[in-house]
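Welcome! Please take a moment with the structure below, and then we will walk through a few of its features together.

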Amino acid sequence: MAARWTIVVVGLGPGRWEDLTVEARDTLLAAPLVICRTLRHPTVDALREHAPSLTLESFDHLYETAASFAELYPTMVRELLARARKEAIVYAVPGHPLLGEESVRLLQAEARTAKVHVRIVAGLSYVEPVCAALDVDPLERDLQLLDATRLGDVPSAALMGAILPTKPALIGQMYNRRLAGATKLALSEVYPPDWEVAIVRWAGLPQQRVIRLPLHDLDRNAHADHLTTVYVPPLPPLHALRVPEGLRYVVARLRAPDGCPWDRKQTHQSLRKYVLEEAYEVAEVLDEWDGSPEMAEKLADELGDLLLQVYLQAEIGDNEDLFSIADVFEAVTAKLIRRHPHVFGEVEVADAEEVLRNWDAIKRGERAARGEDVVAESALHGVPRGIPSLTQAYELSAKAAKVGFEWPMMDGFLDKVAEEAHELAAEIAAGKMAHTTAELGDLLFALATLSRRLGISAEDALRGANLRFRSRFEAMEAQARAQGRALDTLTLDEWDTLWAAAKARQ
């Protein structure tokens, strides 16, 4: 439906009257009324001189009363749309209307529903004079543009997606010291605190100043105002320690022709044992987890080692033209979205159990889409053959139980354990070692099945036993040393005594 009313949005440029476009100047001088986002702009002062009879209004009063920028700009838009239904509106904003002007973005989004046409009259943005002051070519250096009023609201966990520190960045609309402080905290998530940044004030005007200082001092100087922009130079890749790009660069260098001989010779298969080792080391920290800062630091360190294995595998895949780290990101992200329709879609779930049922159904659908015969597949499908044997036994018995292969009462599980123990004892007595190995395996499988029926992780149970044994044995060693005894000189009775003492102390 055609718009009934029109709002003309004019860009005031960076501050000089001479920097106004011809169309912007003509539009402003011909208007009986101009509503400015703010009167705190040098071009507005010049406009008063060139058109003394022009009526100027602004939204400056809202800056004093609005609780946040998220509340401020929608309020401006509502007032503009209401005024447009009564009279012709010229709305003037600093710089270019489409660069860093949240009120204009929201106005365009709401105008169609309100049957209001928005016409944009371009203006020179702040970027050109700031780049001139810094002698920076924005295209040559892949300059990033950020908004200080929004940067401080970005959670630290998501900041890596908001800014790439190996590329230069301009942060506009640094209106006040509070925004400078929020920006400093946000940038400190990915930049070193002593990284030098440049504050550019009143760019392109006679009062222009460029102040260079370390990031940690960004909010300690009274430089932030409505014409302040911060320039953050790019970090060298070896200094970008807190973002994925730094790790990716390091791994690529290690695998480069002039890189590390050891890393260059690795293959997907040769790294397998390191993937497992690093995963187990992460698990070990989780077993010892107490929530302390020391343990948190240790967990972050071990997770980093595990992440390195992912990047090494991806780099090898890239070198062989098989896949890249981007394929890894895409695979896992798409999978999470696809398998959580209750979060990213319209599906509703009652509890975690229903989530798991949906997850299994979605996985079956994915396999069917790949052409796999899900109808004929075993009920044991999905239990990896490479996981630890005790965990594998636990999961296999759980899969079998889902289709009814399960004793109804606890006695059945206990009888099976006793049966397998008896058969093992018989094979040992007969001296049949080949059969003994098989019977020992059967007994371990029966114990894993029993643990599942009891609701106890077999891995956790055995891990706990390992920890108790380690603690008691080390206590025995300490006691023997205190007695001046060598371990290999102890008699069986003396070992029993030390063991009983160690066990009693736990």
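This is a predicted model: local features need pLDDT of at least 70, side-chain atom pairs count only at pLDDT 80 or more; totals for chains, interfaces and linings use all residues.

## A phenylalanine to start from

Phe469 has a relative accessibility of 48%, so it counts as partly exposed.

## Rings that meet

A pair of aromatic rings is described by the distance of the centres and the angle of the planes. Across the whole structure, a search finds six aromatic pairs. In one of them, the ring centres of Phe469 and Phe473 are 5.8 Å apart and the planes stand at 20°, so this pair is stacked; the cut-off for stacking is an angle under 30 degrees.

How is the pair of Phe469 and Trp499 arranged? That pair is tilted, with 5.8 Å from centre to centre and 45° between the planes. It links distant parts of the chain, since Phe469 sits in helix α20 and Trp499 in helix α21 (residues 492–505), 30 residues apart. Trp499 is partly exposed, and its relative accessible area is 28%. Together, Phe469, Phe473, Trp495 and Trp499 make up one aromatic cluster.

## Two helices side by side

Now look at helix α18 (residues 410–430) and helix α19 (residues 433–454). Their axes come within 9 Å and cross at roughly 165°. Because an angle over 145 degrees counts as roughly antiparallel, α18 is roughly antiparallel to α19.

The crossing in which α18 passes α19 is left-handed. Which classes of residue make up this contact? Between α18 and α19 there are 13 nonpolar, three polar and eight charged residues.

Most residues other than glycine have a negative phi. Two places in this model are worth a look with that in mind.

Trp202 is not a glycine, yet its phi is positive, at about 55°. You can find Trp202 in the loop between β8 (196–201) and β9 (209–214).

Asp321, also a residue other than glycine, has a positive phi near 60°. Asp321 belongs to the loop between α13 (293–319) and α14 (325–338). Is Asp321 buried or exposed? With 72% relative accessibility, Asp321 counts as exposed, as the cut-off is over 50%.

How values were computed
Residues are numbered from 1 along each chain as its sequence is written. Side-chain values use heavy atoms; hydrogens and water are left out. Axes are lines fitted to C-alpha atoms, for helices over the stretch in contact, and angles run from 0 to 180 degrees between N-to-C directions. Helices (H or I, at least four residues) and strands (E, at least two) are DSSP runs, numbered from the N terminus. Angles under 35 degrees count as roughly parallel, over 145 as roughly antiparallel, 65 to 115 as roughly perpendicular and the rest as oblique. A crossing is left-handed if the near helix is turned anticlockwise from the far one by less than a right angle, and right-handed if clockwise. Ala, Val, Leu, Ile, Met, Phe, Trp, Tyr, Cys and Pro count as nonpolar, Asp, Glu, Lys and Arg as charged, and the others, Gly among them, as polar. Rings of Phe, Tyr and Trp (its six-membered ring) pair if their centres lie within 6.5 Å; planes under 30 degrees apart count as stacked, over 60 as edge-to-face and the rest as tilted. Buried means under 20% relative accessible area, exposed over 50%, partly exposed in between (1.4 Å probe, protein chains only).
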